[in-house]
Amino acid sequence: MGDTFRGGHKSMIKIAVEKTLSPVKDVLQKNNFEAVDLDFTQQTFIPDVYCYVISGQDKDVMGIADKQADLPVINAHGLTEQEVLEQVKQRVSIVASTRK
């Protein structure tokens with residue numbers, strides 16, 4: 001699920017994960033997603049991201065929403081790593097269908 005074909009070669013689907021969620025990042029990486037750090041203090045654009053996973057601790061996610069309003073933001077607060085993984089899979093399939 002975490003793989004896609006771009007330009008004739010297979011590449012991993014990139015998910016931006018808030019730095020405090022290292023267990024979620026580990027689960028995503030074990031399931032063939034490229035999990036990259038999301039740092040609210042820098043608010044820099046992360047190219048080719050399919051969705052964002054946040055802890056829910058920082059209520060101000062507008063920096064993300066402003067930069068890439070069409071991408072899903074998953075609030076991991078109260079969810080297990082497996083539940084987050086399932087939400088990522090669901091949302092990535094929706095985003096992937098719009099990028100074809």
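Colleague: Where is aspartate 48 found, and what is its phi near?

Modeller: Most residues other than glycine have a negative phi. Aspartate 48, found in the loop between β3 and β4, has a positive phi near 65 degrees. Helices (H or I, at least four residues) and strands (E, at least two) here are DSSP runs, numbered from the N terminus. This is a predicted model, where local features need pLDDT of at least 70, side-chain atom pairs count only at pLDDT 80 or more, and totals for chains, interfaces and linings use all residues. Residues are numbered from 1 along each chain as its sequence is written, and side-chain values use heavy atoms, with hydrogens and water left out.

Colleague: Where does asparagine 32 lie, and what is its phi near?

Modeller: Asparagine 32 lies in the loop between α1 and β3 (33-38), and its phi is near 65 degrees, a positive value in a residue other than glycine.

Colleague: How do I read accessibility for asparagine 32 and serine 55: buried or exposed?

Modeller: Buried means under 20% relative accessible area, exposed over 50%, and partly exposed in between (1.4 Å probe, protein chains only). Asparagine 32 is partly exposed because its relative accessible area is 40%. Serine 55, in the loop between β4 (49-54) and α2 (62-67), has 7% relative accessibility, so it counts as buried.

Colleague: Which residues is serine 55 in contact with, leaving aside neighbours within four places in sequence?

Modeller: Contact means heavy atoms within 4.5 Å. On that basis, and with those neighbours left aside, serine 55 touches Glu18, Thr20, Leu21, Asn75, Ala76 and His77. Threonine 20 itself counts as exposed, because its relative accessibility is 58%.

Colleague: On to helices. Which residues of α3 are buried?

Modeller: An α-helix has 3.6 residues a turn, so residues three or four places apart point the same way. In α3, Val84, Leu85, Val88, Val92 and Val95 are buried. Seen down the axis, they fall within an arc of 95 degrees (taken from the directions from the helix axis to the C-beta atoms), so they line one face of the helix. The face turned away from that buried side carries exposed Gln90 and Ile94.

Colleague: At what angle do α1 and α3 pack?

Modeller: Axes are lines fitted to C-alpha atoms, for helices over the stretch in contact, and angles run from 0 to 180 degrees between N-to-C directions. α1 and α3 pack at about 55 degrees, with their axes 9 Å apart. The contact involves Pro23, Val24, Val27 and Leu28 of α1 and Glu81, Gln82, Val84, Leu85 and Val88 of α3.
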